[in-house]
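Hello,

Here is the structure for you to look at. My notes on its salt bridges follow below it.

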Amino acid sequence: MVQVLENARATRRPYPVMIPRTMSDLLQKVAQSRDVEAFRKLFELYGPRVKSYMMRQGADSTTAEDLAQETLLTVWRKAQLYSDEKGSATTWIFTIARNLRIDRLRREVSWQPLPENRDQEASDAPDPEEEVTEKERRDKVRAVLATLPPDQSEVVTLSYVEGLSHSEIAERLGLPLGTVKSRMRLAYQKVKEAVEDIR
Amino acid sequence: MKINHHLDDSTLMSCAAGSQPEALAAVVSSHLSVCPRCRTELKKHALIGEALFESLTPEPVTRDAPVVAMRAGEATLAETETPQMPSALKAALEGRFDDVPWRRAAPGVWHYPLPLSADAKGDLRLLKVAPGTRLPEHGHGGTELTLILDGAYSDEFGTYRKGDVADMGDDVEHRPIADEKLGCICLAASDEKPRFTGMFARLLQPLAGL
């Protein structure tokens, strides 16, 4: 097992760093001019992450790769819906992957629509200041997540990364449902405070 | 619509993560459609998912990017993202309560079970309670969510009106009474089948043979 993991690590190529500005630019190009080259770059950036996400959610490697392909195809087909969005490309692509996972891996209806731009205080291109705030906010969230106590971090990961419901987490960890929920609340409060500090 | 009772942070987290059982997600999504406060909170919860998604170790893909090309009409594809909604739920959410094929469950109580996907666990149903009807004291096994669609009910925790959602812990017991004039119509979900646990089992099982 360890050997396999090490082999996998050895053959792994370095992945491009995800820069929010670049990613929304790529997505804009796909949306506005159906730029196939930009799409290929998006696939390079997101394909491996979506595959990884699907595998953590319980898909085998082949299925995960199918779902990564399908996620990016949906991105291509629906890029138009993104064009006015000032939110991040990652949020949007993550939502598509998440809904596809519910649909295919859980075989349930994903009730959450894609983030809509209409009810937002719409502005076209994100101005540079907002861009900074966006990046700052993400770094902050990541930093807070890294400092969560293990018991809180565990329930957050099981929920977001492994896709378990409250009851499934309670069962997996042998905890009362109320304990799972209160750990989630505590974790969220910390993230929320950090995010709201940024103005 | 003035909303006083909102979704719990842990419920919103599960929603943002996409980890909510279908029945609960239906109630959450219906509440979100009328509650700007919970929509704003949900966006913050989504930041966590995004951060964790970006932190995942990428898994090498073996195949190339899917082949895409611009095809006529493709760019204008305007698919609706709203999932297919059972017609009874659609009618209820639009306030056409008379269009729901209610089934009598107990004196002063009607219900209508809504279909879920084949593999989905849990229970989703519309519930109508006649004005002034008091339900027996009951607890909630597992997770249950109740969204008020019309009228109101009151219990130990306050009054729940149109748009409010009751997101109660599994250790809570209450004795709700439907509004004296309006009665109460709600959308209720449980993450477990009602025959094992939950409000409907205790309330309705002996009466309706659920």
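Start with Asp66(A). At a relative accessible area of 37%, Asp66(A) is partly exposed, because that value falls between the 20% and 50% cut-offs. Please keep in mind that this is a predicted model.

Asp66(A) makes a salt bridge to Arg63(B), with 2.7 Å between the closest N and O atoms. This pair crosses between chains. Asp66(A) sits in helix H4 of chain A, and Arg63(B) in the loop between H3 and H4 of chain B. Arg63(B) is partly exposed too, at 36% relative accessibility.

Arg63(B) also meets the side chain of Glu65(A) in a salt bridge, at 3.8 Å from N to O. Glu65(A) lies in helix H4 of chain A, residues 61-82, and Arg63(B) in a loop of chain B, so this pair joins two chains. Glu65(A) is buried, with a relative accessible area of 3%.

Now a second site. Which residue of chain A does Glu54(B) pair with? Its partner is Arg142(A), and the closest N and O atoms are 3.3 Å apart. This pair crosses between chains as well, from helix H3 of chain B to helix H6 (residues 128-146) of chain A. Glu54(B) is buried at 12% relative accessible area. Arg142(A) is partly exposed at 28%.

That pair belongs to a network. Salt bridges with shared partners link Arg138(A), Asp139(A), Arg142(A), Glu50(B) and Glu54(B).

For the overall count, the structure holds 21 salt bridges over all chains.

Best wishes

Methods: Residues numbered from 1 in each chain as written. Chains lettered and ligands numbered in written order. Predicted model: local features only at pLDDT ≥ 70, side-chain atom pairs only at ≥ 80, totals over all residues. Heavy atoms only, no water. Salt bridge = Lys/Arg side-chain N within 4 Å of Asp/Glu carboxyl O. Helix = DSSP H or I, 4+ residues; strand = E, 2+ residues; numbered from the N terminus. Buried < 20%, exposed > 50% of the residue type's maximum accessible area, 1.4 Å probe, protein only.
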